[in-house]
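Please have the sequence and the coordinates open while I talk.

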Amino acid sequence: MPLTKLIAGTMHRTAVPVDSDSRAADYALRQYLLENVVLAETLRSMRHGIQVFLSYAPRLFVSKCIDGRVHGSDGKGYPPTTVTFSRTDGNRVALTPENIHFWNRVNSVVLSARRNTPDCPALFIALGHYAHIGRGCAAHHEDNSAALAAVAEQAATLQAKYKQRDMYVMFGMTNTDDGAERLIFLDGHELDTANVIETLDTPRMPLKSAADVFQDSFLDRLVDDAPTDHSLGGRKPRQIVHGPDARMFHDLQSKIAMETYLLQDVSRVIHNGSRNNVVFQQRIFTEIRDRLSAVHDLPERLLAPLVYQTLWNMAHTLHERERLASVSEAVRRRELEHAEEKVGYGEGFEIAERNRLVLAKPGRGDDQLALQVARKVLLANRERDRQPHPPLVHVNVELAGDVDSWEAFNRDVLAPLLTRVDNVHNVFGEDCRVLTSYSRTSEKCFYPVRINSDLEPHSKVTDDPRECFPVDVTRGLTNQNFHRQQLALREQVYKHMMLLEATGEERGIPDEMDL
């Protein structure tokens, strides 16, 4: 049997959803997965750049709300896979020892820093969010002081638990209108991007666009680094920072290339003096460095990464302000308010577009409470923007490494998926369609699996109509024929058939490969 047909389900009765709701859900999920595979392929092509980035960056843990408007790490200038996230409603976390999922995640970052960056502690940032134009945090009933208090408590707990040589802790707030961040250090100092912009924006030297953060001489010449120049397609920096669709902020390859180049450049200027600052406006660079240098307990090795992070956030904030000013009022309102289209439950959603998913990551202490908030947000969005299908929930489990047996796959993927799907059913009832998948930490490609996958074309297994998406990369696998190489082959075949559908380009795997 051709492997592509087995995975796709085209030889099974599950290949075509039987009702209109499921057909509409199937189409929406397929488009979503096509986007994911294309972005994951770009991420794969930039793996070397990401490794270079990590050689200069701290191991970073960021906790924040499930709100889709604060999704990802775009505003910080960290590539996907380089940040460990905790996402809970209102960033409210049970900080008791019983919340094992949260503490396991934090400890993994601490231990990674000990091993990989022994001269630099892990960095923990707890973030709430607010808005001046759009709405604030729904979980805190738009009470900005309550949102700030929640992250302050979290930071104080983490500071008391970990030695500073293991983890440096701070907290703050994100303005969802433009992405500006206000970072608060536990010694009382603050670094507020919006305040820096306001202070330095003058008639003679305006700060109105992302380009204003950089020196003209840098913007108007090719980047002096061959891999970066190649990733930018030979474009000069001004070409990628200008306009509402600036590639530095909206094209994954260009963004990762610039993130790596700029962090490397700032680190060379600050730490070893091997390079003068020829990239950023000197007055901006000096202002940020001086503010951070005033923090009395800031570890030396965190100075350059935080200078870089703030410079990137300034450019990102100015870009967002300029972009939103260029669109209609209706589009601007949609950008500033909740517009999530589905719920993402689990891990591995970092490369999804901002404001497309309302997230529920295990770690709050009670997943069903997080799902209830996510459902409330999604249903409110559906009142405004009607959808031709029931609410969509994507449940994903992320793997840190390989699995080499059916027992391991069952324990590490299928069993956690079933547990989470049960939570979804308890919160959403019959009114949902659920996509189940797994991904790998370094890839972010979603591989669909069906928990009750039919093993044979005429299986008598009764399908749950809520699990309507037919693709299953593990269909037909049991403990007799499961091994690491077979799973890897199926993953490659899945990516091949999806990339072929998305781009029309062959990727070197025969379309009719047989089992």
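Let me begin with S63, whose bridge partner in strand β2 is S86. What we are looking at is a predicted model, in which local features need pLDDT of at least 70 and side-chain atom pairs count only at pLDDT 80 or more, while totals for chains, interfaces and linings use all residues. Residues are numbered from 1 along each chain as its sequence is written, and side-chain values use heavy atoms, with hydrogens and water left out.

As for the element names, helices (H or I, at least four residues) and strands (E, at least two) are DSSP runs, numbered from the N terminus. Two strands are said to pair if DSSP finds at least two bridges between them. On that basis, strand β1, residues 60-64, is joined to β2, residues 83-87, by five bridges, and the two run parallel. β1 also pairs with strand β3, residues 122-130, again in the parallel sense, over four bridges, and there V62 has I125 as its bridge partner.

How much of β1 is buried? I use buried for under 20% relative accessible area, exposed for over 50%, and partly exposed for in between, with a 1.4 Å probe and protein chains only. Five of the five residues of β1 are buried, so the strand is largely enclosed by the rest of the structure. Both of its faces are covered, with L60, V62 and K64 buried on one side and F61 and S63 on the other.

Taking contact to mean heavy atoms within 4.5 Å, and not counting residues up to four places away in sequence, F102 touches F61, S86, V93, L95, F124, Q154, L158 and G363. F102 and S63 lie 39 residues apart in sequence, yet their C-alpha atoms are 10.0 Å apart in space.

Just after α11, G273 takes a positive phi of about 60°.

Turning to charges, a salt bridge here is a side-chain nitrogen of Lys or Arg within 4 Å of a carboxyl oxygen of Asp or Glu, and by this rule the count comes to 39. One of them links K342 and E341, with the closest N and O atoms 4.0 Å apart; K342 counts as buried at 5% relative accessibility, whereas E341, at 25%, counts as partly exposed. Salt bridges also link E35, E341, K342, E353 and R356 in a network. R386 and E383, which meet at 3.7 Å, N to O, are both exposed.

Finally, on confidence, pLDDT is the predictor's confidence in each residue, from 0 to 100, and its mean over the protein is 91, with 93% of residues reaching 70 or more. Over residues 510-515, however, the pLDDT is below 50, and this stretch has 20 contacts in the model beyond near neighbours in sequence.
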